[in-house]
Amino acid sequence: MTDAEGVYVIGAGGHAKVVIATLQAAGRLVAGVLDDDEARWGTRVLGGVVAGPVERAAELGATCVLAIGANAVRRRLAEELEGRVRWATAVHPAAHVHPTVRLGEGSVVFAGAVLQPDSDVGAHVIINTGASADHDNALGDYVHLAPGARLAGGVTLEEGVFMGIASAALPGVRVGAWTTVGAGGVVTRDLPAHVTAVGVPARPLSQLHS
């Protein structure tokens, strides 16, 4: 299986529609969609036929992209398929990615997103519709910037961080691994790992309830 033969999209939910739309806009052929939910087999997602379970990707040695919005599930599937498939990146032509940005394998950048100079983006990262990361950001593997999320310069998001819709992070802050920042939250100072933080300024829920 070569890139010329197309990309298999893993996951057949709503997020897959945006991934497929991005691939199509970038002129990439969608070879098919794979999902472990048998009820979806034979159905179509934006014209892509759901052709069977995820394991089929490994059997084919296919070129794939993960269309799974949940960070932990995306990591699990990436680890299960590691070394058995090739990973495609997908950048919508209506996104702006500066040439100095380092974009990890399997990452997706949707329409209207902006990645500014000298930012590092890990593997299987989602830069969702209209999200932006300014200069010198460091985004770990499996990070997800939801639609409209905004990162100022010099921000570090460790592995698996989820920045909710219209959330923001001020210059130089660090968000610990697998932390979730709720919709509209503004990170004004460093946040620890494995918490959910909400509000302006964003604070861990445990602090709000103490």
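Leaving aside its neighbours within four places in sequence, which residues is P53 in contact with? We'll start there and then step back to the whole chain. Keep in mind that this is a predicted model.

P53 touches L34, D35, D36 and W41, once its neighbours within four places in sequence are set aside. Take D35 as one of these partners: P53 and D35 sit 18 residues apart along the chain, and their C-alpha atoms are separated by 4.9 Å. As for where to look, P53 lies in the loop that runs between β4 (48-49) and α2 (55-60). Is P53 buried, partly exposed or exposed? Its relative accessibility is 29%, so P53 counts as partly exposed, because that class covers values between 20% and 50%.

Now for the bigger picture. The protein chain has four helices and 25 strands. Its radius of gyration is 17 Å, which agrees with the value near 17 Å that a compact globule of 210 residues would have. Here are some overall values for the protein chain:

| Property of the protein chain | Value |
|---|---|
| Box filled by the C-alpha atoms, along the principal axes | roughly 50 × 40 × 30 Å |
| Accessible surface | about 8,800 Å² |
| Distance between the mean positions of the positive and negative charges | 6 Å |

Carbon and sulfur atoms hold 53% of that accessible surface. The charges number 15 positive and 20 negative. Of the 210 residues, 49% are buried. And what about contacts with a separation of 6 or more? In the protein chain, 25% of them join residues 24 or more positions apart.

Definitions and conventions
Residues numbered from 1 in each chain as written. Predicted model: local features only at pLDDT ≥ 70, side-chain atom pairs only at ≥ 80, totals over all residues. Heavy atoms only, no water. Helix = DSSP H or I, 4+ residues; strand = E, 2+ residues; numbered from the N terminus. Rg over C-alpha atoms; globule rule 2.2 N^0.38 Å. Buried < 20%, exposed > 50% of the residue type's maximum accessible area, 1.4 Å probe, protein only. Contact = heavy atoms within 4.5 Å. Areas by Shrake-Rupley, 256 points an atom, 1.4 Å probe, with all protein chains shown as cover. Lys, Arg positive; Asp, Glu negative; His and termini not counted. Charge placed at Lys NZ, Arg CZ, Asp CG, Glu CD.
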